[in-house]
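Please look over the sequence and the structure before reading on.

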Amino acid sequence: MTREAVEADAEPPPVESPQHVWVADRLSVTVHHGSAETGVEVRGEIDLASVGALRSALFAAVRGGSPTVVVDLAEVDFLDALGLGALVAARTRARASGQRLVVIGARPLTYRLFALTNLAAPFDVRRH
């Protein structure tokens, strides 16, 4: 396992191990690469201070090439528009590569943000 602190707009580092962890202020993101599915576990708060780590982890997950990327937000306490934007950018990259990005474990307030922005269906968001 590798741990990495990232700057706000850092390009994701190459991922050589099956598990990689990004950390930022009040956030950690763990990516588990598999051949059929890549899991992304997000814990903490996603805001201006931490969105770079999320973006880097998501882009690395998509770059891993598995057909499905599953982003688990069950342990996310706060998600703002910047975090939602990072998820949209990752989904765009995934779709361009023929992959699917799914969000699971959305708590009520997180799910509400997806619903209010009409992104719940495109992301196939599953509630916590």
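The notes below cover the chain as a whole, its nonpolar core, its aromatic rings and one glutamine.

The model is predicted: local features need pLDDT of at least 70, side-chain atom pairs count only at pLDDT 80 or more, and totals for chains, interfaces and linings use all residues. Residues are numbered from 1 along each chain as its sequence is written, and side-chain values use heavy atoms, with hydrogens and water left out.

**Overall build**

- The chain contains 4 helices and 6 strands, taken from DSSP runs (H or I of at least four residues for helices, E of at least two for strands) numbered from the N terminus.
- Read from the N terminus, the order of elements is β-β-β-β-α-β-α-β-α-α.
- The chain has 128 residues, of which 47% count as buried; buried means under 20% relative accessible area, exposed over 50%, and partly exposed in between (1.4 Å probe, protein chains only).

**Nonpolar core**

- The largest nonpolar core has 35 residues, and Val40, Val42, Val71 and Phe114 touch the most other members. Such a core is a set of buried Ala, Val, Leu, Ile, Met, Phe, Trp, Tyr and Cys residues joined through side-chain atoms within 4.5 Å.
- Two or more residues of this core come from each of β3 (27-32), β4 (37-46), α1 (51-63), β5 (68-79), α2, β6, α3 (108-116) and α4 (120-123).
- The largest share, 9 residues, is supplied by α1.
- Beyond its neighbours within four places in sequence, Val71 is in contact (heavy atoms within 4.5 Å) with residues including Val40, Val42, Leu58 and Leu87.

**Aromatic rings**

- The structure holds 1 aromatic pair. Phe114 and Phe123 form this edge-to-face pair, at 5.4 Å centre to centre and with 70 degrees between the planes.
- Rings of Phe, Tyr and Trp (its six-membered ring) pair if their centres lie within 6.5 Å; planes under 30 degrees apart count as stacked, over 60 as edge-to-face and the rest as tilted.
- Both Phe114 and Phe123 are buried.
- The charged end of Arg91 sits over the ring of Phe123, 5.6 Å from its centre; this requires NZ of Lys or CZ of Arg within 6 Å of the ring centre and within 35 degrees of the ring normal.
- Arg93 lies over the face of Phe59, 3.7 Å from the ring centre.

**Gln99**

- Gln99 is located in the loop between α2 (81-96) and β6 (100-104).
- Gln99 is buried, with a relative accessible area of 8%.
- A polar atom of the Gln99 side chain lies 3.0 Å from the backbone oxygen of Val62.
- Not counting residues up to four places away in sequence, Gln99 touches Val62, Gly65, Ser66, Pro67, Val69 and Ala94.

Notes
A polar contact is a pair of N or O atoms within 3.5 Å; within protein, one must be able to donate a hydrogen and the other to accept it, and residues adjacent in sequence count only if both atoms are side-chain atoms.
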